[in-house]
Amino acid sequence: KQITKRINIDYWGSTSELNNSLYVGSYGRGTEIFTSDIDLIVRLPFKTYEKFNNYSSNGQSALLSEVKGILQKTYGTSHIKGDGQVIGINFTDGINFEIVPAFINVNKSYTYGDSNGGGNWKTTDPRSEIEALNTLNKNTNKNLKRLCRMIRAWKNHCNVQMSGILIDTLAYKFLSDWDYRDKSFLYYDFMSRDFFKYLKEIDESKTYWLAPGSNRYVRKNGNFKYKATQAYNKSLEAISKENMNHTAKQKWREIYGTRFPN
């Protein structure tokens with residue numbers, strides 16, 4: 001709220017702690033389980049875009065520097081991240097905010113600056129992704145976001161090379177066609193098994209998918225087939241031992257780690 005208020009004071013002449021900002025990324029989509037990095041888009045006036053777009057070279061870098069200076073009025077520890085697209089503020093409690101200054105477009109997407117390679121403008125459409133996930137989550141008895149969080153636990157426990165948006169995209173595609181997508185917790189063993197089966201059977205030559213809602217390219221950053229196969233086989237073992245409660249739980253813990261109840 002203080003980040004939003006600082007932006008609103010300097011750019012919009014307002015003290016609002018809510019207007020002109022949007023949580024994005026895994027936190028904004030509601031699919032994160034370890035809250036450490038929070039992505040926040042802050043909307044700036046179009047006249048600010050015109051100002052920096054008229055720079056002869058790398059107005060994007062100058063934009064980030066200006067917003068950094070404004071945020072330093074409130075947070076002296078703010079710094080520009082190395083990727084040249086966000087401003088980072090690291091808090092002592094371990095929560096890190098990554099702030100993207102952006103300009104809203106007619107279709108509700110955002111234009112933001114990338115200072116790399118001499119500087120250029122890029123477009124992102126997080127609202128469409130959030131809306132698509134929210135809709136399917138509602139239509140699947142909240143199973144979509146729960147599956148996304150479960151797979152993050154697997155990713156973290158088994159060191160799987162998958163980004164958050166790739167997990168969300170593949171979970172979305174899987175549940176869109178899964179026969180038991182609207183069932184309750186009783187079916188979560190089957191949901192785990194069938195999703196890992198879905199992952200292991202994806203053609204290894206496929207390198208990208210289209211994100212739900214925005215249709216942006218989501219690229220694979222590593223091969224997850226082997227670990228998905230391992231998880232699938234362990235899920236079969238767990239299901240076969242469901243009458244031996246402790247044994248089954250230990251097998252699920254080999255997949256999901258200690259976040260799965262012992």
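Student: Of the 262 residues of the protein chain, what percentage count as buried?

Tutor: Buried means under 20% relative accessible area, with exposed over 50% and partly exposed in between, for a 1.4 Å probe and protein chains only; here 44% of the 262 residues count as buried. Please keep in mind that this is a predicted model, in which local features need pLDDT of at least 70 and side-chain atom pairs count only at pLDDT 80 or more, whereas totals for chains, interfaces and linings use all residues. Residues are numbered from 1 along each chain as its sequence is written, and side-chain values use heavy atoms, with hydrogens and water left out.

Student: How many disulfides does a search of the whole structure find?

Tutor: A disulfide is a pair of cysteine sulfur atoms within 2.5 Å, and the search of the whole structure finds 0 of them. C148, for instance, is in no disulfide, and its nearest cysteine sulfur, that of C158, is 17 Å away.

Student: How many helices and strands does the protein chain have?

Tutor: Helices are DSSP runs of H or I with at least four residues, and strands are runs of E with at least two, numbered from the N terminus; the protein chain has 10 helices and 9 strands. Its C-alpha trace spans about 65 × 40 × 30 Å along the principal axes.
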